[in-house]
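This briefing covers ring pairs, helix packing and local backbone geometry. Please consult the sequence and the model alongside the text.

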Amino acid sequence: MLTTVFNAKKIHTLDPNRPEATHVAVREGRILAVGGADCADGWGGEIRRDDRYSDRVMMPGLVEAHAHVAAGGIWRFTYCGHYPRTAPDGTVWEGVTTNAAVIARLRDIAAQAPAGQPIVGWGFDPNFLDEKRLDRHDLDQVSADIPVVVMHSNMHLLTCNTKALEVAGYAAGTNVEGVIRDASGAPNGELHEFAAMGPVMEASRVSIQALGDAEAVRAYGQVARNCGVTTVADLLSDLHDGEVAMLKQLTADPAFPARYVPIMNAMVGDPEDEARRANALKPQSTDKLRLGAAKLFTDGAIQGFTAKLKWPGYYTGKDNSVLNMSEEHFTAAVNALHKAGVKMHIHTNGDWASEFATETIAEAMRQASFPDHRHTLEHVQLADRAQFQRMANLGICVNLFGNHLYYFGDVHWTKSIGPDRARRMNACHDALDIFGPNFAIHSDAPVTPMGPLFTAWCAVNRLTESGRQLGDYQRIAVRDALNCITLGAAYVLKLDHEIGSIQTGKRADFCLLDDDPFEVAPEALKDIGVAGTVFGGEPTA
């Protein structure tokens, strides 16, 4: 039996029994021993020493517990966002700062596109532009003959041109929640949430589901590997038979560098049928593909003003809150999934939505037992301490949207919720007090870029783009933030028995860093380079 002993300048294990080491021994893809150079000597067999990381700092492989495979495929569309972004192939797209710049970028793409091909942009956010909101008339300047669709960065809103509205059948008499209108009563091209957006995207041949094909999944794996992630979730996947077969084949390839955790969309069919479908998927799991959990939605996006907030509501702007599932459908789905023993991941942004989801789960728990369910509220950005306590009492987990603090913090402070609630949103300190180490933070890529060290930096520093600090109290220590992107994230995925720390028996998944996160200044945490990963005991390419 061959044992490989990796040497690092320092190993941060995230295991309190042995928090630091210099060597880790790996056998059959698992961690055999941790300690010094002699840690494997007592186990016998052939020992191979690998010193390629002797000048690097090793951590457990990072865990991104809330992102989307579209982060790999969405670059087929044209980036139109505020912040500079880097595509998986290394191409840097500069941010756009005016409506005119968005129009110009899309016109350039339209001039090169095949005849009749819809023009699709993504990443746009009107909150960053000090001018009127983009509307259909603006996008008619890109083309009046083919659909033009611009998805907002939150993926809960879009703006389209007149042609896209026409092919979807939208007109002044359209009665669909989320269709925004101009002064004359006609749709102005801005659409809020899935019921309103779906017909335009379908008629314009814009498929988000297609962004989860094999090419996109491969790119997603590379995005994960590039930022030190060895376990990555996809928080909304249809998981039809063809997709599952593709994922099995792709993840079985030794070149795929991560464990993949797609969460099944349970909002389409009858709740009882969806519960049976989730349970039928679970035994099809493999070492690198984990199936069986289900996704539900409540509200929309805070910065899109479509999340459902408790009193006093939005700070500025109109409350356009939308539920993506009716209360009746959501309740039936929660009851069916819980009764069937299916772990749920539930989108909740506003505090009303978090409370609604919590109490719905509580009622399901009164009707059926499901020990250690770990149903997880995702984003849960405005939950207060009392709501966290209620969740913890029920065994509910939380996964907070840490990156929002930087990317949208100024918007929340000045526009959406105001200074008081912005100071406590994504309340990591309260979560640490109440849940202990068993909670996660995330990027929601492609809404914001995947990069767990950046996400940890957000939780530690709570700084916005402008340098404003969103409250001091909710900051957490570097060690706690790193736990959120390793063992805490593993916990909310119910994989903490396999990954998240470097200790005997767990999967040999490691992240290699250029600097020590415990030695650099907290403000520099986001700047630490990722030198590579080890997956199942094998260095990745």
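Predicted model: local features only at pLDDT ≥ 70, side-chain atom pairs only at ≥ 80, totals over all residues.

**Helix packing**

- Helices (H or I, at least four residues) and strands (E, at least two) are DSSP runs numbered from the N terminus.
- Helix α6 (residues 214-226) packs with helix α7 (residues 241-252) at an angle of about 40°, and their axes are 10 Å apart; axes are lines fitted to C-alpha atoms, for helices over the stretch in contact, and angles run from 0 to 180 degrees between N-to-C directions.
- The helices α6 and α7 are therefore oblique to each other, given that angles under 35 degrees count as roughly parallel, over 145 as roughly antiparallel, 65 to 115 as roughly perpendicular and the rest as oblique.
- On the α6 side Ala214, Val217 and Arg218 meet Met246, Leu247 and Leu250 of α7, where contact means heavy atoms within 4.5 Å.
- Helix α10 (residues 351-367) and helix α11 (residues 385-394) have axes 10 Å apart and pack at an angle of about 25°; α10 and α11 are therefore roughly parallel, and their crossing is left-handed.
- Among the residues of α10 that meet α11 are Asp351, Ser354 and Met365, and the α11 residues in this packing include Gln387 and Leu394.

**Enclosed helix α13**

- Six of the eight residues of helix α13 (residues 409-416) are buried, so α13 is largely enclosed by the rest of the structure; buried means under 20% relative accessible area, exposed over 50% and partly exposed in between (1.4 Å probe, protein chains only).
- These buried residues are Gly409, Asp410, Val411, His412, Trp413 and Ser416, and they pack against α12 (404-407) and α14 (418-422).
- Glycine 418, which follows α13, has a positive phi near 85°.

**Aromatic rings and charges over rings**

- The count of aromatic pairs comes to 21, where rings of Phe, Tyr and Trp (its six-membered ring) pair if their centres lie within 6.5 Å, and planes under 30 degrees apart count as stacked, over 60 as edge-to-face and the rest as tilted.
- In one of these pairs, the ring centres of phenylalanine 256 and tyrosine 260 are 6.2 Å apart and the planes lie at 85°, so the pair is edge-to-face.
- Phenylalanine 256 is buried at 3% relative accessible area, and tyrosine 260 is buried at 1%.
- Phenylalanine 454 and tryptophan 457 form a tilted pair, because their ring centres are 5.2 Å apart and their planes stand at 35°.
- In helix α16 (residues 452-461), phenylalanine 454 and tryptophan 457 are three residues apart, a separation of about one helical turn.
- Phenylalanine 454 is buried at 18% relative accessibility, as is tryptophan 457 at 4%.
- One aromatic cluster is formed by Tyr83, Phe128, Tyr406, Tyr407, Phe408, Phe454 and Trp457.
- Lysine 308 lies over the face of tryptophan 352, 5.0 Å from the ring centre, and arginine 374 over that of tyrosine 491, at 4.0 Å; a charge sits over a ring if NZ of Lys or CZ of Arg is within 6 Å of the ring centre and within 35 degrees of the ring normal.

**Loop residues**

- Leucine 323, in the loop between β17 (294-297) and α9 (327-339), is partly exposed at 21% relative accessibility.
- Beyond its neighbours within four places in sequence, leucine 323 contacts Thr298, Asp299, Lys308 and Trp352.
- Arginine 507 lies in the loop between α18 (487-492) and β22 (510-513) and is buried at 16% relative accessibility.

**Backbone geometry**

- Most residues other than glycine have a negative phi, and most peptide bonds are trans.
- A cis peptide bond with omega of about 10° joins tryptophan 311 and proline 312; another, with omega near 10°, runs from alanine 445 to proline 446.
- Histidine 379, in strand β19 (residues 376-379), has a positive phi near 80° and is buried at 3% relative accessibility.
- Arginine 462, in the loop between α16 and α17 (478-484), has a positive phi of about 55° and is buried with a relative accessible area of 0%.

Definitions and conventions: Residues numbered from 1 in each chain as written. Heavy atoms only, no water. Left-handed = near helix turned anticlockwise from the far one by under 90°.
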